[in-house]
Amino acid sequence: MTLNVLASNHLFATLIAGFAGLSCTSATAQSFDWAGPYGGLHLGYAVGESTAVPIDVNDPSDVKGAFLGAQIGYNFQSGPWVYGVEADVSTTNIENDLAGGTIVNRDEYVELNWMATLRGRAGYAFNKTLVYGTIGAAAANVTAIDWDAGPESATNNHSGLALGAGVEFAISDRSTLVAEYQHVDLEDEVYDLGDPDTVGVSSSQIKLGFNLHF
């Protein structure tokens, strides 16, 4: 999993450099107004791990998968400083990596059905390029399946923490492109799968998005 996270961080750094280069070479000198409401769509990919107690040797721990969703937010601007709040929701296929096996020969299997965050954002605008950090609350709906128990499945809602950083680049006077990295850590919840099982999920996520500003 460490290699996957390092690869994700390298990709994000490359995206930031690319957006910064676009900003420097842009022929449009007009300043971009970041203040006000916005909304848009995003897609991304996540890699991470799940934990299950009691632990079984056949339980997969790596999770990965894509997600797709929408976001809305509001920015305030004071000179080059931009701050505000953003909410997003995504449908996902983030689930345990079976690593060559099949679901029926694993004791426990975890999949995320949807996830959402509500976060503050604060950053610095270099004219048309905004570099920012973000932190806030996360939530997800997770299904766990225990094949030792019949099989049995249960679904639970998890809360947690989301934090990360991103870059947003204006491509017109109303539209922007976004590249963002987030780490999402979901708290453990107890599932009734024959016997009580405690399940947790954490992931590193790369997200690309498009926003319209109003």
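Biologist: With which residues is phenylalanine 76 in contact, leaving aside its neighbours within four places in sequence?

Modeller: This is a predicted model, in which local features need pLDDT of at least 70 and side-chain atom pairs count only at pLDDT 80 or more, while totals for chains, interfaces and linings use all residues. Residues are numbered from 1 along each chain as its sequence is written, and side-chain values use heavy atoms, with hydrogens and water left out. Phenylalanine 76 belongs to strand 2, strands being DSSP runs of E of at least two residues, numbered from the N terminus. With contact taken as heavy atoms within 4.5 Å, and neighbours within four places set aside, the partners of phenylalanine 76 are Trp81, Val82, Tyr83 and Gly84.

Biologist: Is phenylalanine 76 buried, partly exposed or exposed?

Modeller: Buried stands for under 20% relative accessible area and exposed for over 50%, with partly exposed in between (1.4 Å probe, protein chains only). Because its relative accessibility is 44%, phenylalanine 76 counts as partly exposed.

Biologist: How far apart in space are phenylalanine 76 and proline 37?

Modeller: In sequence the two are 39 residues apart. From C-alpha to C-alpha, phenylalanine 76 and proline 37 are separated by 9.1 Å.

Biologist: Which residues touch the most other members of the largest nonpolar core?

Modeller: A nonpolar core is a set of buried Ala, Val, Leu, Ile, Met, Phe, Trp, Tyr and Cys residues joined through side-chain atoms within 4.5 Å. The largest such core has 19 residues, and those that touch the most other members are Ile94, Leu112, Leu186 and Tyr191.

Biologist: Which strands each supply at least two residues of this core?

Modeller: In soluble globular proteins, nonpolar side chains tend to be buried together. Here the strands that each give at least two residues to the core are strand 2 (62-78), strand 5 (108-126), strand 6 (129-146), strand 7 (152-170), strand 8 (175-193) and strand 9 (195-213).

Biologist: Which residues does leucine 186 touch, not counting residues up to four places away in sequence?

Modeller: Leucine 186 is one of the residues that touch the most other members of the largest core. Beyond four places in sequence, leucine 186 touches Leu112, Ala138, Ala139, Ala140, His158, Ser159, Gly160, Gly200 and Val201.

Biologist: How many salt bridges are there?

Modeller: The rule asks for a side-chain nitrogen of Lys or Arg within 4 Å of a carboxyl oxygen of Asp or Glu. By this rule, the number of salt bridges is seven.

Biologist: How far apart are the closest N and O atoms of glutamate 86 and arginine 119?

Modeller: Both residues are buried, and they form a salt bridge. The closest N and O atoms of the pair are separated by 2.6 Å.

Biologist: Why does this pair tie together parts that are 33 residues apart in sequence, and in which strands do its members lie?

Modeller: The salt bridge joins glutamate 86 to arginine 119. The pair ties together parts that are 33 residues apart because glutamate 86 lies in strand 3 (residues 81-92) and arginine 119 in strand 5.

Biologist: What is the N to O distance between arginine 121 and glutamate 86?

Modeller: Arginine 121 counts as buried because its relative accessibility is 5%, and glutamate 86 likewise because its value is 3%. Their side chains meet in a salt bridge, with an N to O distance of 3.9 Å.

Biologist: How many residues apart in sequence are the parts that arginine 119 and aspartate 88 tie together?

Modeller: The side chains of arginine 119 and aspartate 88 meet in a salt bridge of 2.8 Å, N to O. Arginine 119 lies in strand 5 and aspartate 88 in strand 3, so the separation in sequence is 31 residues.

Biologist: Which residues do salt bridges that share partners join into one network?

Modeller: Aspartate 88 is buried, at 8% relative accessibility. Through shared partners, the salt bridges join into one network Glu86, Asp88, Arg119, Arg121, Glu168, Glu180 and Lys207.

Biologist: What is the volume of the largest cavity?

Modeller: On a 1 Å grid over the protein atoms alone, a cavity is a set of points where a 1.4 Å probe fits but cannot get out, and lining residues have an atom within 4 Å of a point. The structure holds three cavities of 30 Å³ or more. Taken as the space filled by probe spheres set on the points, the volume of the largest cavity is about 100 Å³.

Biologist: Which residues that line the largest cavity are the closest to its centre?

Modeller: The lining of this cavity has 13 residues, and strand 8 gives the most to it, with four residues. The closest to the centre are Phe67, Met115, Gln182, Gln205 and Lys207.

Biologist: Which strand gives the most to the lining of the second largest cavity?

Modeller: About 60 Å³ of space lies in this cavity, and its lining includes Glu86, Arg121, Glu180 and Lys207. With three residues, the strand that gives the most is strand 9.

Methods:
1 Å grid on protein atoms, 1.4 Å probe; cavity = no way out; pocket = protein on both sides within 12 Å on 5 of 7 lines; lining within 4 Å.
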